[in-house]
Amino acid sequence: MDNIETKKYTNARHALLRLLIIVFLIGLILSIMLAVTVGAVKIAFSDVYKIVIYNATHIKLGNFDFAVLLGDLDFVSRGTMYEIVWNVRMPRVMMGAIVGMLLAMCGVVMQATVQNPLADPYILGISSGASLGATFSIMIGASAVFTGTLAQMGTAFWAFAGALGSMALVMALANVGGGRITSAKLVLAGCVVGSLCGAFTNIIVYIGQDAENMKNVTYWLMGSMASARWNNLALPGICAVLGLLFFLTQMRTMNTLLLGDEAAITLGVDLSKWRKVYMVLTSLLSAVAVCTCGIVGFVGLMIPHIVRGFVGSDHRFLLPIASLTGGIFLIWTDVLARVIIQNSEIPIGVITSAIGAPIFVYMMIKKSYGFGGQDR
Amino acid sequence: MKLETKDVVVNLSKKDIVKKVSVQVKDKQFVGLIGPNGSGKTTLLKSIYRVLKPAAGEILIDDIDIKGVSVKETAKRMGVVSQFNNIAFDFTVEEMVLMGRSPHKKAFSQDTEEDYRIAHEALAKVDMLDFKERNYTTLSGGEKQRILLARTLAQQVEMLVLDEPTNHLDIKYQIQIMDIVKSLGIGVLAALHDLNLTLMYCDYVYVLKDGKIVANGPTEEVITRDLIKSVYEVDCSVERNERTGKLYVTFYSNLSLEGKR
């Protein structure tokens, strides 16, 4: 009798959480639809959607172009309005969604991998390495040091290279002395590499004299979606989809990882192998996110936290819901970044922290916070 | 299933903690591992359940060295209850016990009704079914220990490795846990502190001191006054309880004997 009751409870909770995934998915789509209508330039809803629908579908049947149903063909396929809506706003909103999903997803996986709810996707020194790479590219310029192909590479490339370099260094440091890679070793190695990269970044900025470059560095370090274009959207987009698909197959292993090293091994999880795989993958994914948009703090750390507080630690629900929440969150913070000051833009990292910190304090005060439980 | 270690050496920070230890657990045998603190019991068990790599020697399951076997395969056959550790993330009791099913599942497969049935049976066995919706971290030490046993029961293994499984439990649950383990009728290798529990439940016992086996044999033949004096450096008497027919140990300290002199 008791058993039957339990099954009902479990299924009801799981059904609710599954429904929540769908709700958040719809929320993400709605957010994209709405966010694209907001911006410094006032454009009527109907005009925005005409442009979006026409360009997203390109419906043509023989010689008949459905665009005539949407109004003027010229209006929806060229001109200022078309440029703003389709080539500026839309990629930005998509980039927000993609980067938000990437960072939140990486945060969830990283926290499971190092078994510490305070880990974030940047734990392997990704952000500090990327900052160093970007600072080098902006302040010194690759062409000053390298010739050939390397000299032609832009900031995004150097940020990515810096991120991967520091990741490799952190992994190597955590491996020193043999034995299993423990979370404590990782965190310490991350700190070491972080301060090392920080020192180099600072010296480059200190030596550099160009005020304009200095402003660009500062701006990059705080993150922005402004550089989003259709052509630099593809890589993060594909990474986000592939990453999510892969980690969705890993939910059972990640759940077991949360129980600690010993328990994971006795439950048949090859800890050393998976820990390395997850760390390398999340680092790659967050490096992809960082190199296009700069350092967007907070999302990868806090979104998994906050979502865990509501849905629990079970990755079957935590991973998809946190990813979607991350996407929605970043879309709207980017909207704020665009409109909060007229004719100007605030770095998105400033807003994510400004919004996130009070939310987190509220959760702490409410004492509802148990790293993902239901008991309040 | 037979579990065997052959001349296993384990070192921690370059110091040999376990020195050429050979133990054997035959099918369905309840084997105790006793010895003072720091004698290497836990270290030996950790090498058996694959958290530590032995520096030398072999660990065999049914005569096959586990070195060449995946941890998932060993987890299907051998379960472990050690002292509970604190976890930073919270799960419900039910989720916790369901994780015992993971060695039997593919990474992406869902928990079936069968898995729930097995998990609930395991919870009922440790008398914790009413706690299934509770959060694991809100439980007391003894309750946590029973949940961990339930998780191992859900693993449906042929061999149990226990590392002082009764440590945080009051006497009722010490006996309950040992009774449950005994009634499973599977092979057990248990490191135990309590010599009376060892006498009550173990068929065979190995005595470890300074990383070496100093005695082994059927429990009642091994646990004697002289052995306890030499291994634990404590005086005692070993007598037979008329009701249970088992031996039991009473310890003396110099202080407790003083009044009698």
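Student: Which residue just after H15(A) takes a positive phi?

Tutor: Gly312(A), which stands just after H15(A), has a positive phi of about 90°. This is a predicted model, in which local features need pLDDT of at least 70, side-chain atom pairs count only at pLDDT 80 or more, and totals for chains, interfaces and linings use all residues. Residues are numbered from 1 along each chain as its sequence is written, while chains are lettered from A and ligands numbered from 1 in the order in which they are written.

Student: Why is Ile331(A) called buried?

Tutor: Ile331(A) has 27 other C-beta atoms within 10 Å, and is therefore buried. Its place is in helix H16 of chain A. Ile331(A) and Ile98(A) are 233 residues apart in sequence, yet their C-alpha atoms are 9.1 Å apart.

Student: Which residues beyond its sequence neighbours are in contact with Ile331(A)?

Tutor: Two residues are in contact if their C-beta atoms, placed from the backbone, lie within 7 Å. Leaving aside neighbours within four places in sequence, the contacts of Ile331(A) include Ser31(A), Val93(A) and Gly100(A).

Student: At what angle do the axes of H5(A) and H16(A) cross?

Tutor: Axes are lines fitted to C-alpha atoms, for helices over the stretch in contact, and angles run from 0 to 180 degrees between N-to-C directions. The axes of H5(A), residues 80-113, and H16(A), residues 315-339, come within 7 Å and cross at roughly 145°. This contact includes Val93(A) and Gly96(A) of H5(A), with Leu330(A) and Ile331(A) of H16(A).

Student: Which residues of H11(A) are buried, and what do they pack against?

Tutor: The buried residues are Pro236(A), Ala240(A), Gly243(A) and Phe247(A), and they pack against H5, H14 (271-293) and H16 of chain A. The 19 residues of H11(A), residues 230-248, should span 27 Å, and the end C-alpha atoms are 27 Å apart, which agrees.

Student: How many bridges join S4(B) to S10(B)?

Tutor: Two strands pair if DSSP finds at least two bridges between them. S4(B), residues 30-34, and S10(B), residues 204-209, run parallel and are joined by four bridges, so they meet that definition. Gly32(B) has Val205(B) as its bridge partner in S10(B).

Student: In what sense do S10(B) and S11(B) pair?

Tutor: S10(B) and S11(B), residues 212-218, pair in the antiparallel sense over six bridges. Tyr204(B) has Pro218(B) as its bridge partner in S11(B). Two residues lie between the strands of this hairpin, in which Asp210(B) takes a positive phi near 50°.

Methods: Buried ≥ 20, exposed ≤ 12 C-beta atoms within 10 Å, placed from the backbone. Expected span 1.5 Å × (residues − 1).
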